[in-house]
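Good morning, colleagues. Please have the sequence and the model open while I speak.

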Amino acid sequence: MPLLSINKITGGYGDSEVLRQVSMTVEQHEIVAIIGPNGAGKSTLMKAVFGLLHPREGNIVFDEHDISQLAPHQIVKLGMCYVPQVANVFTNLSVDENLEMGAFTLKTKYLETSKQQVYDMFPQLKERRRQTVGKMSGGERQMVAMGSALMLQPRLLLLDEPTAALSPKLVDDIFHHIDRINKIGIAIMMVEQNARQSLQMAHRGYVLANGENRQEGSGQALLADPKVGSLYLGG
Ligand SMILES: Nc1ncnc2c1ncn2[C@@H]1O[C@H](COP(=O)(O)OP(=O)(O)OP(=O)(O)O)[C@@H](O)[C@H]1O
Ligand SMILES: [Mg+2]
């Protein structure tokens, strides 16, 4: 059974239907990339998986639990964390404080261990643990956001455009970190504008367009598909 399985979900905001019969799966330890045009419904899909909106039809099963109608705090307890596309850090707090906010449900004795693991993953953050996050670069902020999500040691991490608005060097950096996070056994479902690069590192990928499944396959197969290339990878 997949770690996550999204089964024909339909839903959106109020009366507007954004997602139509969308189905996807994420296996244990897998990296799955979701690509597609602006407004396709990628962020909406992530929000539905994390319980920020509930599908009108279909269901979402995580680790054998039907989470379709659960709230985010209940979904977190099952082992899933989410880094949204925007407003994913507390800019007026330090790195240390951001990590603590990520794990405010943890007992104090686990807090230090978890923080140490995050700093091992992001040594760059450790050096700057007392710094206010609002004064850090976009790439560093993204690391803080991912670090905060990792504080709870999830089995599945949802990342919505982790490399948006970063320079090519920082994009490489973030992808490198995502790969390392995956190698310690955490499954990743990520939405990415850097479609080519994300498919190169993903085990599998999906194309979402107009709120519907368009294509799916291994990262390599999608990269090699001329239709995907011309429509979604810029030729
Ligand atoms: N909070 C909201 N209330 C109402 N409609 C919304 C809301 N958020 C998004 N939408 C609409 O839902 C549709 C899908 O938006 P969504 O943010 O999921 O797209 P996306 O694929 O993530 O796009 P992008 O690549 O630009 O991030 C759009 O038409 C958008 O206008
Ligand atoms: Mg989006």
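Predicted model: local features only at pLDDT ≥ 70, side-chain atom pairs only at ≥ 80, totals over all residues.

In strand β4, Phe62 is the bridge partner of Leu4. That pair belongs to the antiparallel run of β1 and β4, which are joined by 5 bridges. Strands here are DSSP runs of E with at least two residues, helices are runs of H or I with at least four residues, and both are numbered from the N terminus. Two strands pair if DSSP finds at least two bridges between them.

Residues are numbered from 1 along each chain as its sequence is written, and chains are lettered from A and ligands numbered from 1 in the order in which they are written.

Which strands make up the sheet that holds this pair? The sheet is open, has 4 strands in the order β2-β1-β4-β5, and pairs in the antiparallel sense. Its edge strands, each pairing on one side only, are β2 and β5, the latter covering residues 65-66. On one flank, β1 and β2 run antiparallel and share 7 bridges, and Tyr13 faces Ser16 of β2. Helix α1 packs on this sheet, where it touches β1, β2 and β4 (57-62), and its direction makes about 70° with that of β2. Such angles run from 0 to 180 degrees between N-to-C directions, with axes fitted as lines to C-alpha atoms, for helices over the stretch in contact. On the other flank, β4 and β5 pair antiparallel over 2 bridges, with Val61 opposite Asp66 of β5. Their hairpin has 2 residues between the strands, and Asp63 there takes a positive phi near 50°.

Leaving out residues up to four places away in sequence, Asn59 touches Asn7, Asp66 and Ser68; contact requires C-beta atoms, placed from the backbone, within 7 Å. From Asn59 to Ser5 the C-alpha to C-alpha distance is 8.3 Å, although 54 residues separate them in sequence.

Lys8, in strand β1 (residues 4-13), has a positive phi of about 45° although it is not a glycine. Lys8 counts as partly exposed because it has 14 C-beta neighbours inside 10 Å. Gln153, in the loop between α6 (138-150) and β7 (156-160), likewise is not a glycine and has a positive phi, near 50°. With 18 C-beta neighbours inside 10 Å, Gln153 also counts as partly exposed.

Now to the other sheet. It is open and mixed, with 6 strands in the order β6-β7-β8-β3-β9-β10. Strands β6 (80-83) and β10 (212-218) form its edges. Neighbouring strands are turned by 15° against each other on average, direction ignored. Strand β9 (residues 204-209) runs antiparallel to β10, with 6 bridges between them, and Tyr206 stands opposite Glu216. Helix α1 lies across β3 (31-35), β6, β7, β8 (187-191) and β9, at about 150° to β7. Helix α7 lies across β3, β7 and β8, at about 150° to β8.

What surrounds ligand 1? The shell includes Tyr13, Ser16, Lys42, Ser43, Thr44 and Gln85, a residue being near when its C-beta atom, placed from the backbone, lies within 6 Å. Helix α1 (42-49) and strand β2 (16-26) each supply at least two shell residues, and α1 gives the largest share, 3 residues. By class, the shell has 3 nonpolar, 8 polar and 1 charged. Here Ala, Val, Leu, Ile, Met, Phe, Trp, Tyr, Cys and Pro count as nonpolar, Asp, Glu, Lys and Arg as charged, and the others, Gly among them, as polar.

Finally, the domains. The protein divides into domain 1 (1-79 + 155-235) and domain 2 (88-153), with bounds from an automatic or database domain assignment. Between them, 11 residues of domain 1 are in contact with 10 residues of domain 2. Helix α7 (residues 168-183) gives the most to the domain 1 side, with 6 residues.

Key: Contact = placed C-beta atoms within 7 Å. Buried ≥ 20, exposed ≤ 12 C-beta atoms within 10 Å, placed from the backbone.
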